[in-house]
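This briefing sets out the fold, the packing and some local features of one protein model. Please read it alongside the structure shown here.

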Amino acid sequence: MAWRGAGRVDNGVVTAVPEDDPRLSAVIRPAARRFAEVVCPPEVRTDQRTERVLREFGLMLGALPSAARKALATALVLVDQGARVYPPARGRRFARLDDRTAEAYIRALLARRDAAAEMVQRLKGVVTMCYYDLPEVQREIGYDPVPYIAAVSRRRLETYGPQIRAGEAAVTKGRPEPELPEPGRP
């Protein structure tokens with residue numbers, strides 16, 4: 001049985017088409033897309049990164065408590081519809097603004113020293129975090145946390161090994177102690 005928005009089939013698995021992602025409603029998706037294009041580096045527009053940022057943003061919204069999720073969605077709606085009263089927008093919503101006007105609008109909002117500026121700054125932080133969470137972006141900026149995590153794990157075991165084992169033994173209460181992986185290994 002076929003249904004509207006069934007998704008695409010890839011290697012026998014049905015996956016959601018990004019536009020059908022239930023976490024981003026049709027109301028906030030265009031505003032979220034435009035917001036990502038404005039606040040993220042220009043490379044967000046290459047290789048379908050904007051879609052992947054929106055997917056990450058949708059996942060993040062899904063993981064947040066209801067109040068935070070509603071606050072971010074409301075912030076996007078307010079940014080989108082608020083552009084209508086920004087004179088250079090000439091009554092258009094944020095999602096429909098050209099690049100220069102959209103960027104100027106966000107700069108104007110951030111320049112304010114009020115709740116609107118704070119709301120936009122927080123929204124910007126979440127969306128840019130979603131951008132920098134993309135694996136290809138992390139590779140491009142040279143972010144590789146594995147060596148650091150391995151070094152910290154090794155140092156932690158060298159410094160606090162006996163206390164860690166004693167705490168684990170107290171928690172497991174006589175159960176055999178599991179083998180600890182070598183530092184740097186999963």
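A residue is called buried under 20% relative accessible area, exposed over 50% and partly exposed in between, with a 1.4 Å probe and protein chains only. The model is predicted: local features need pLDDT of at least 70, side-chain atom pairs count only at pLDDT 80 or more, and totals for chains, interfaces and linings use all residues. Residues are numbered from 1 along each chain as its sequence is written, and side-chain values use heavy atoms, with hydrogens and water left out.

**Overall organisation**

- The protein chain contains seven helices and two strands; these are DSSP runs numbered from the N terminus, helices being H or I of at least four residues and strands E of at least two.
- Starting at the N terminus, the order of elements is β-β-α-α-α-α-α-α-α.
- Of the 186 residues in the protein chain, 30% are buried.
- Contact means heavy atoms within 4.5 Å; among contacts with a separation of 6 or more, 54% join residues 24 or more positions apart.

- Helix 1 (residues 29-39) is largely enclosed by the rest of the structure, because nine of its eleven residues are buried.
- The buried residues of helix 1 are Arg29, Ala31, Ala32, Arg34, Phe35, Ala36, Glu37, Val38 and Val39.
- Their cover includes helix 2 (49-63), helix 3 (66-82), helix 4 (99-111) and helix 5 (115-132).

**Helix 2**

- The 15 residues of helix 2 reach 21 Å from the first C-alpha to the last, close to the expected 21 Å, where the expected span is 1.5 Å times one less than the number of residues.
- Arg49, Thr50, Glu51, Val53, Leu54, Phe57, Gly58 and Leu61 are buried in helix 2.
- These buried residues pack against helix 1, helix 3, helix 5 and helix 6 (135-140).

**Nonpolar core and helix crossing**

- A nonpolar core is a set of buried Ala, Val, Leu, Ile, Met, Phe, Trp, Tyr and Cys residues joined through side-chain atoms within 4.5 Å.
- The largest such core has 36 residues, and Phe35, Phe57, Phe94, Tyr105 and Ile106 touch the most other members.
- Helix 1, helix 2, helix 3, helix 4 and helix 5 are the elements that each give two or more residues to this core.
- Beyond its neighbours within four places in sequence, Tyr105 contacts Leu78, Val79, Gly82, Ala83, Tyr86, Phe94 and Leu97.
- The axes of helix 3 and helix 4 come within 11 Å and cross at roughly 120°; axes are lines fitted to C-alpha atoms, for helices over the stretch in contact, and angles run from 0 to 180 degrees between N-to-C directions.
- Leu78, Val79 and Gly82 of helix 3 meet Tyr105, Ile106 and Leu109 of helix 4 in this contact.

**Cysteines**

- The structure holds zero disulfides, a disulfide being a pair of cysteine sulfur atoms within 2.5 Å.
- Cys40 is in no disulfide, and the nearest cysteine sulfur, that of Cys130, is 8.3 Å away.
- Cys40 counts as buried because its relative accessibility is 6%, and Cys130 is likewise buried, with a relative accessible area of 2%.

**Loop between helix 1 and helix 2**

- Asp47 lies in the loop between helix 1 and helix 2 and has a positive phi of about 50° although it is not a glycine.
- With a relative accessible area of 61%, Asp47 is exposed.
- Gln48 lies in the loop between helix 1 and helix 2, and its phi is also positive, near 55°.
- Gln48 counts as exposed at 62% relative accessibility.
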